[in-house]
Amino acid sequence: MAVLQQELTLGEAADQLARALPGHRVEILQGRLTVTPPPDGSHGLSLTKFCRALERAGIADSGAEWIQGVGLWLPTLPADFAIPDLSVVDDDFRDAYVTKNYYAPNVFRLVVEITSSNWSDDLGPKVECYAQAGIPAYLIVDRKHDEILLYTEPADGKYPDPQRFKRGQDVAVPESIGVRVELSVDTLLDG
């Protein structure tokens, strides 16, 4: 008996994986399907503390909002998209809806990634994809290398070298996001 097999597009494969692996983050970066396991407690706590700082700084009155787990449509390849851990977006970001849970990059002011088991995606392909998308600021809480990286002001699809912050220092998020926020590197790394 012959079995007919249908080839899936990358987008269809991503949809199937997302349904099969609840709690995992499925993304397509530079034409490559990636799957990230659910975050650990320290990862989640780092995000919580970052969001509290945004609230204390008055993000709600700034024309921006913070949001976790919203899709970012990437211009790198037709099926590419990312789901940053945290994003600061224009408060009318829903007007930039592209498809599914993905929004156009022009409404993103900052994306934040906290590294986990697939840390190399955050430090490699995502740096390139976010720069090509014109994301003004990309903050990486690099738990693998025990530092914070802040990429800003992409030009011609590339970020200049990042600012690096070590334990004992504070990192200030660019005021271009709409508020002034400064956080301890230790707090971000440890949660």
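Two residues are said to be in contact here when heavy atoms of one lie within 4.5 Å of heavy atoms of the other. The views below come from a predicted model.

**View 1. Phe50 and its contacts in the nonpolar core.** Leaving aside neighbours within four places in sequence, F50 is in contact with L86, L110, V112, L139, V173, L183 and L188. F50 is also listed, together with L54, L110, L139 and I148, among the residues with the most contacts inside the largest nonpolar core, which has 27 residues. Helix α2 (41-56) gives the most to this core, with five residues, and the other elements that give two or more residues include the strands β6, β9, β10 and β11 as well as helix α5 (185-190). A second, separate core has 24 residues, and among them are L74, V107, V127 and Y159.

**View 2. The open sheet of six strands.** Followed from one side to the other, the strands come in the order β3-β6-β9-β10-β11-β12, and their pairing is mixed. Strands of a sheet pair through backbone hydrogen bonds, and they may do so in a parallel or an antiparallel way. The strands β3 (64-68) and β12 (163-165) stand at the edges and have a single partner strand each, so one side of each is left without a neighbour in the sheet. From one strand to the next, the twist averages 15°.

**View 3. Strands β6 and β9, with helix α4 on the sheet.** Strand β6 (residues 86-90) and strand β9 (residues 108-114) run antiparallel and are joined by four bridges. Within this pair, V88 has L110 of β9 as its bridge partner. Helix α4 (residues 125-132) packs on the sheet, where it touches β9, β10 (137-142) and β11 (147-152), and the direction of α4 makes about 165° with that of β10.

View 4. Where in the chain is D122 found? D122 belongs to helix α3, which covers residues 119-123. Is D122 buried or exposed? Its relative accessible area is 4%, and because residues under 20% are counted as buried, D122 is placed in that class. When residues up to four places away in sequence are not counted, D122 touches E113, I114, T115, S116, V127, Y138 and I140.

**View 5. The annotated region, residues 20-185.** An unreviewed UniProt entry places the feature "domain: Putative restriction endonuclease" at residues 20-185.

Definitions and conventions:
Residues are numbered from 1 along each chain as its sequence is written. This is a predicted model: local features need pLDDT of at least 70, side-chain atom pairs count only at pLDDT 80 or more; totals for chains, interfaces and linings use all residues. Side-chain values use heavy atoms; hydrogens and water are left out. UniProt positions are given in the numbering used here, feature names are shortened, and annotations may be inferred rather than shown by experiment. Buried means under 20% relative accessible area, exposed over 50%, partly exposed in between (1.4 Å probe, protein chains only). Two strands pair if DSSP finds at least two bridges between them. Axes are lines fitted to C-alpha atoms, for helices over the stretch in contact, and angles run from 0 to 180 degrees between N-to-C directions. A nonpolar core is a set of buried Ala, Val, Leu, Ile, Met, Phe, Trp, Tyr and Cys residues joined through side-chain atoms within 4.5 Å.
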